[in-house]
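Hello,

Here is the structure I promised to pass on to you. Have a look at it first, and then read my notes on its strands below.

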Amino acid sequence: MARLSNGAQLAELRARLQAARDPGRRRIHVCVGTGCRACGAEDVFAAFRQALAAAGAADAVDLVLTGCHGFCERGPLVLIHPQDVLYCSVRTKDVEEIVERTVGRGELVDRLFYAVPGPDGRPGERLARVGDIPFYKHQQRVVLALNGLIDPTSIDAYIVEGGYAALARVLGGMRPEEVIDEVDRAQLRGRGGAGFPTGRKWRFCRAAPGDVKYVVCNGDEGDPGAFMDRSVLEGNPHAVLEGMCIGAYAIGAARGYLYVRAEYPLAVERLRIAIAQLREAGLLGADILGSGFAFDVEMMEGAGAFVCGEETALLISLAGGRGMPRSRPPFPAERGLFDKPTAINNVETWANVTAIVNRGADWFAGIGTPGSRGTKIFSLVGKVNNTGLVEVPMGMSLRRLVFDIGGGVQHGRAFKAVQTGGPSGGCIPAGMLDLPIDFESLTEAGSMMGSGGMVVIDDATCMVDLARYFIEFTQSESCGKCVPCRLGTRQMLRILEEICAGRASEADIALLESLGDAVKKSSLCGLGQTAPNPVLTTLRYFPEEYVEHVRDRVCRAMSCKDLLRYAVVEDMCTACGLCIKACPSDAIRGGRDTIHEVDQEKCIRCGACFASCKFDALRVSSGPYARTCGGKKGKTVKAKLAARAGTGEGA
């Protein structure tokens with residue numbers, strides 16, 4: 001690409017690209033984001049290339065490699081334009097049929113349509129078009145608007161959709177203070193977790209003394225099950241880079257840094273391609289678009305420490321130190337990277353800046369609630385039918401998100417809770433499903449927005465064990481710098497392990513709550529201050545489960561293995577021997593014509609016997625709660641013996 005010397009040349013390039021585009025031309029968009037790649041999307045893309053060539057249609061159809069479409073549960077995804085038809089779970093064996101029928105004859109392959117899950121979890125009505133699928137229908141995509149539509153490795157694909165028009169507008173006639181005012185009026189709050197007003201942060205940074213300032217993108221997304229930042233970087237890296245350029249101009253920075261997890265190789269690769277393209281086009285470097293503004297960016301791969309998602313730890317790591325948080329104030333806007341004023345925002349925040357400049361502060365502020373403007377991206381995971389990446393207006397209720405977009409709970413089970421905000425978020429019970437999703441409401445409920453992780457929990461989940469799981473994660477990720485987090489989370493984990501094992505007392509529950517409050521109030525950084533949230537919210541909303549564990553030695557969800565008992569259902573045992581073969585501790589006795597029996601002294605409660613039984617002959621219980629393995633009914637030992645007794649066989 002030739003270097004763009006001014007805004008007029010950029011506009012001319014966009015006009016040429018748009019004029020060359022035929023809106024009626026057939027386009028096949030194949031998601032090759034990380035989720036779909038794991039399901040074989042690269043092979044699907046290659047198969048399309050081969051099938052189109054074999055059919056002589058390669059020149060008549062645009063085959064587009066895209067980033068994440070969001071609907072990861074149904075990948076690999078193939079979107080056909082201009083019909084707006086979505087094919088789900090496409091495999092290489094389906095490609096030839098799609099090319100022959102859809103491309104060649106205009107017919108649709110209905111078996112690849114999305115199937116709406118019924119109340120019992122079985123597939124129901126099939127929907128072909130994206131706009132009709134509930135997962136997409138109820139979203140409002142701003143940051144994700146181009147994900148699934150453009151090739152993330154092509155700067156032309158971004159420019160033709162209006163890319164870098166916001167940067168040209170800013171450099172062509174807006175003073176830095178005007179840019180900050182626009183972001184301030186939009187009431188954009190940081191999407192990385194804390195929700196601090198972005199415009200206010202930039203204003204502090206611009207007003208801070210010193211000629212050297214930095215902008216930093218926090219792409220160190222470490223929450224289990226969260227992939228919002230990764231998908232934006234993979235699917236539309238230019239939106240983030242454009243936002244950083246605008247922010248750098250606003251605060252007076254000449255250099256920026258992207259801190260991205262090394263575990264995100266595809267995001268890293270696409271960022272490198274995008275940065276190289278920007279430099280070639282003259283949109284990074286000296287005298288950008290003839291404005292006199294100079295700015296360049298550098299990328300660093302993080303080593304994977306969860307604590308480096310905290311801004312001060314990230315900046316120390318970026319400067320070459322060990323990633324550990326420091327006390328604030330001074331805040332990074334006053335003294336950040338290399339002790340210089342630094343505006344650090346996360347991936348989603350930077351991408352929103354571009355949309356605000358393009359469409360105006362009033363438009364952005366018109367979305368959401370008075371205290372939480374705009375949209376928010378969530379990774380919707382857990383026991384929900386439609387898992388994936390969703391972007392919704394702030395203020396949408398949890399009920400709409402889980403049931404209208406998420407399609408409800410898997411296998412027709414009952415909804416129990418949803419955990420928001422990642423491993424440091426809180427668990428919100430079914431009775432609060434109408435809670436609006438905004439910063440203030442979630443905080444009041446004991447949870448938080450966080451970066452956008454959202455885990456749906458069904459009635460087969462033990463809330464005590466869930467709290468133990470998340471504390472185990474945060475305890476292992478603690479940097480150890482401050483005593484409350486280092487020792488407090490370890491002690492909380494020990495108490496939870498004792499409760500799950502049935503060895504604790506009711507006094508331990510009170511101690512756990514007191515300890516959680518102390519860790520929350522006295523830890524140095526956000527990791528320790530929020531780590532107790534899963535424990536404190538489960539104690540608040542599910543106290544009866546804690547009491548059952550310590551008083552009755554019972555786990556109603558039957559997931560705490562020390563509180564379980566496996567036994568053979570005598571009337572159902574067929575003496576098939578599968579459970580004997582599966583048991584790793586030789587805890588099951590029985591022969592060919594003998595009802596099997598579980599030796600409780602030897603049983604390690606691993607569940608291998610339960611999983612192997614095909615005849616509904618094994619039962620797991622915890623106090624009054626019990627279930628059988630649900631297999632078919634076979635000829636039981638009792639029936640065999642009775643039949644032999646009736647015929648005199650073996651007498």
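Two strands count as paired if DSSP finds at least two bridges between them. With that in mind, strand S15 (residues 415–420) and S17 are joined by five bridges and run antiparallel. Please remember that this is a predicted model.

Let me stay with S17 for a moment. On another pairing, strand S13 (residues 375–382) is joined to S17 by four bridges, and these two run parallel. You can find both contacts at Val 455 of S17: Val 381 has Val 455 as its bridge partner, and Gln 419 stands opposite Val 455.

Is S17 enclosed or open? Of the six residues in strand S17 (residues 453–458), five are buried, so the rest of the structure largely encloses this strand. Buried here means under 20% relative accessible area.

Now for another sheet. Three strands make up an open sheet, ordered S18-S21-S22, with antiparallel pairing.

How many bridges join strand S21 to S22? There are four between S21 (residues 618–622) and S22, and the two strands run antiparallel.

Enjoy exploring!

Technical notes
Residues are numbered from 1 along each chain as its sequence is written. This is a predicted model: local features need pLDDT of at least 70, side-chain atom pairs count only at pLDDT 80 or more; totals for chains, interfaces and linings use all residues. Side-chain values use heavy atoms; hydrogens and water are left out. Buried means under 20% relative accessible area, exposed over 50%, partly exposed in between (1.4 Å probe, protein chains only).
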